[in-house]
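Here is a friendly walk through one structure, in questions and answers. Have a look at it first, and then we can go through it together.

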Amino acid sequence: MVVLKVKRGDETLFLYETNVGEKTDSVIRDLVAIYNGQLKVQRVCMEIEELAEHGTMLPSEMIGLNDDQIEELKLKDIWADKCIPSGGFTFNKDPMLRRNGQQPNEAMGKVLANTITKAKAMIDKNLAKSSKTLSLKAVQEAINLLRGAVTIVYPMQLPPHDTIRMEFTNTEDLSGTQASKEVIEPSKAQLWFAGRQIFMGKLLKDYLGNNDKTTVVVKLNQLGEGPPGREAVISEQMRRQMMADSFRRQEELKVRAIFIL
């Protein structure tokens, strides 16, 4: 099996195991889905952290309004009484004025916190440093784990407008957010190896050769971003070692020259 070390820019995202006889279409599709899945898990974890602190999300017309403004406009969060966390809640006002302040009790908060830790570990970019590969199945398992924890705490489900619920149903709207700049649109995805774009309708071996027992660096980007920078021929660590060896050699030659004189 060939291992692809997948990068975006200079950042290593994950390792992906495949074989050189695989179609480039399916490989690119999987790589993009895994990358976007990593981003989704990170977004959901961040929102669940807020859920554990400040409860469910307010309706869009109430977000950002203080209590006086809400009263003046006669607005009401009709989901507050429908989506009460298991075991009850204590009030913890959201300083960002996004969530209703109904914080789940300590036990339910631990359920969410522990699950966040597990889900993050399942898709962590540092897995690559331990030579552990990442699959689309693992990403989906992380999302299912988060969904299960939220269901335990909110068996009646979250309000339909809550960002977490929309992430779980793939109806999230990222337009105008920083997250939208990070996600790669599948139809615009590009994969590169050694400065060459890997096109659809080919086999990996058309680009990587027939060696099926190797690790190669490939880079993901999006149409319009231009070719990514090529990988250095040698690593930074190796470069430093070579410079140190060269300096040591020069010093040895100086000492020999002194003795000769």
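Q: Is glutamate 225 buried, partly exposed or exposed?
A: This is a predicted model, in which local features need pLDDT of at least 70, side-chain atom pairs count only at pLDDT 80 or more, and totals for chains, interfaces and linings use all residues. Residues are numbered from 1 along each chain as its sequence is written, and side-chain values use heavy atoms, with hydrogens and water left out. Buried means under 20% relative accessible area, exposed means over 50%, and partly exposed is in between (1.4 Å probe, protein chains only). Because its relative accessible area is 41%, glutamate 225 is partly exposed.

Q: Which residue forms a salt bridge with glutamate 225?
A: A salt bridge here is a side-chain nitrogen of Lys or Arg within 4 Å of a carboxyl oxygen of Asp or Glu. The closest N and O atoms of the pair are 3.0 Å apart, and the partner is arginine 8.

Q: How many residues apart are glutamate 225 and arginine 8?
A: Helices (H or I, at least four residues) and strands (E, at least two) are DSSP runs, numbered from the N terminus. Glutamate 225 is in the loop between strand E7 (215-222) and helix H8 (236-260), while arginine 8 belongs to strand E1 (residues 2-8). The pair therefore links distant parts of the chain, and arginine 8 counts as buried at 17% relative accessibility.

Q: Which residue meets arginine 98 in a salt bridge?
A: The N to O distance in this pair is 3.0 Å, and the partner of arginine 98 is glutamate 47. Arginine 98 lies in the loop between strand E3 (89-91) and strand E4 (102-104) and its partner in helix H1 (residues 24-54), so the pair ties together parts that are 51 residues apart in sequence. Arginine 98 is partly exposed at 23% relative accessibility.

Q: How far apart are the closest N and O atoms of arginine 99 and glutamate 47?
A: Arginine 99 is in the loop between E3 and E4, 52 residues from glutamate 47 in helix H1. Both arginine 99 and glutamate 47 are buried. Their salt bridge has its closest N and O atoms apart by 2.8 Å.

Q: How many of the 31 residues of H1 are buried?
A: H1 reaches 45 Å from its first C-alpha to its last, close to the 45 Å expected at 1.5 Å a residue. The expected span is 1.5 Å times one less than the number of residues. H1 is largely enclosed by the rest of the structure, because its buried residues number 22.

Q: What arc do the buried residues of H3 cover?
A: The buried residues of H3 are Met108, Gly109, Leu112, Thr115, Ile116, Ala119 and Ile123. They are on the same side of H3, because the arc (that of the directions from the helix axis to the C-beta atoms) is only 130 degrees.

Q: Which exposed residues sit on the face of H3 turned away from its buried side?
A: What covers the buried residues of H3 includes H1, E4 and helix H4 (136-153), where contact means heavy atoms within 4.5 Å. The face turned away from that buried side carries Glu106, Thr117 and Lys118.
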